[in-house]
Amino acid sequence: MKNKSYISTVVANWKMHNDFNAALDLVIKIFSYCNMVKNVEKIICPPVVNIIPLYDQFKNSTFSLGAQNINENSKGSFTGEISVNMLKNYISHAIIGHSERRVIFNESNHTISLKAKALLDNKIVPIICVGEPIDVYKKNKSVDFINNQLFEIFSEIQLNSEIVIAYEPIWSIGNKNPADPIYVEKIITKSKDFLCTLKHLRNTNLKFLYGGSVSSKNVLDYTNQKNIDGVLVGSASLDASEFGKIVLQISKNG
Ligand code: PEP
């Protein structure tokens, strides 16, 4: 059991799954498994169209609502995009810089930095994803790669509130190839040290999560590490009973 002075965080990233009826059904089931858990911070990020319709369900729950992405601009001619302003009354968090956005939609660290700033300006907590591709991992260059991501994202940003960083090695996502917890702890420890040298973090509530094939079978291997403050869950968050088990295990483990 880890002696923490704060509670662990679990983020569910539903990606592009579930129409409204399926999302509502999943929320009701997940709440029945773990809405009573108060010692774990629980954030669900459904597809954006489901955020406002689900808001009333979340209002009286122990869960928070988050977005999976936002546009960095406050308004304008950006067809198909959604600004923080449009969501800020409904969400507390937003994932930005997920590797799928970086790889499929060519998002750069610069864009992610602008998104982080837009969120922080609106008092929404950014959940900023970083992580290396397989070739970088194989060359043993992960620390340099992630430090560079952190440098490019954070150099221009004032940090004095709450931020969450999700370390998600790209090769560990969605393919049942979870990263070794000791390796993750090492990378996160080095990333925290790097960020502390880069920025004054005295007034910042900084959390580091791990994401990549997390399940009820391996979650405690990560959350029991000293510097891993929680998990970001993709596939397993679409299964109410499995997601409930993940939350309950962290809750029982302290
Ligand atoms: C993710 O896509 O952010 C993720 C962690 O997915 P999975 O849990 O399916 O690996």
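Residues are numbered from 1 along each chain as its sequence is written. In this predicted model, local features need pLDDT of at least 70 and side-chain atom pairs count only at pLDDT 80 or more, while totals for chains, interfaces and linings use all residues.

Colleague: How many helices and strands does the chain have?

Modeller: Helices (H or I, at least four residues) and strands (E, at least two) are DSSP runs, numbered from the N terminus. On that basis the chain comes to ten helices and eight strands.

Colleague: What is the radius of gyration of the chain?

Modeller: The radius is taken over C-alpha atoms, and the globule rule is 2.2 Å times the number of residues to the power 0.38. For 254 residues the rule gives 18 Å, and the chain is close to that, so it is as compact as a globular protein of that length. The radius of gyration is 17 Å.

Colleague: Are H5 and H7 parallel or oblique?

Modeller: Axes are lines fitted to C-alpha atoms, for helices over the stretch in contact, and angles run from 0 to 180 degrees between N-to-C directions. The axes of H5 (residues 109–121) and H7 (residues 142–154) come within 7 Å and cross at roughly 50°. Angles under 35 degrees count as roughly parallel, over 145 as roughly antiparallel, 65 to 115 as roughly perpendicular and the rest as oblique. H5 is therefore, relative to H7, oblique.

Colleague: Which residues of H7 meet H8?

Modeller: The axes of H7 and H8 (residues 181–198) come within 10 Å and cross at roughly 35°. Two residues are in contact if their C-beta atoms, placed from the backbone, lie within 7 Å. On the H8 side are Ile187, Lys190, Ser191, Phe194, Leu195 and Leu198. On the H7 side are Ser142, Val143, Ile146, Asn147, Leu150, Phe151 and Phe154.

Colleague: How many residues in the contact of H1 with H10 are nonpolar?

Modeller: H1 (residues 20–34) and H10 (residues 240–253) pack at about 35°, with axes 9 Å apart. Ala, Val, Leu, Ile, Met, Phe, Trp, Tyr, Cys and Pro count as nonpolar, Asp, Glu, Lys and Arg as charged, and the others, Gly among them, as polar. Two residues of this contact are polar and one is charged, and the nonpolar ones number eight.

Colleague: Which residues come nearest the ligand?

Modeller: A residue is near a molecule if its C-beta atom, placed from the backbone, lies within 6 Å of it. The shell has five nonpolar, eight polar and one charged residues. Of the 14 residues around the ligand, the nearest are Ile173, Gly174, Gly211, Gly234 and Ser235.
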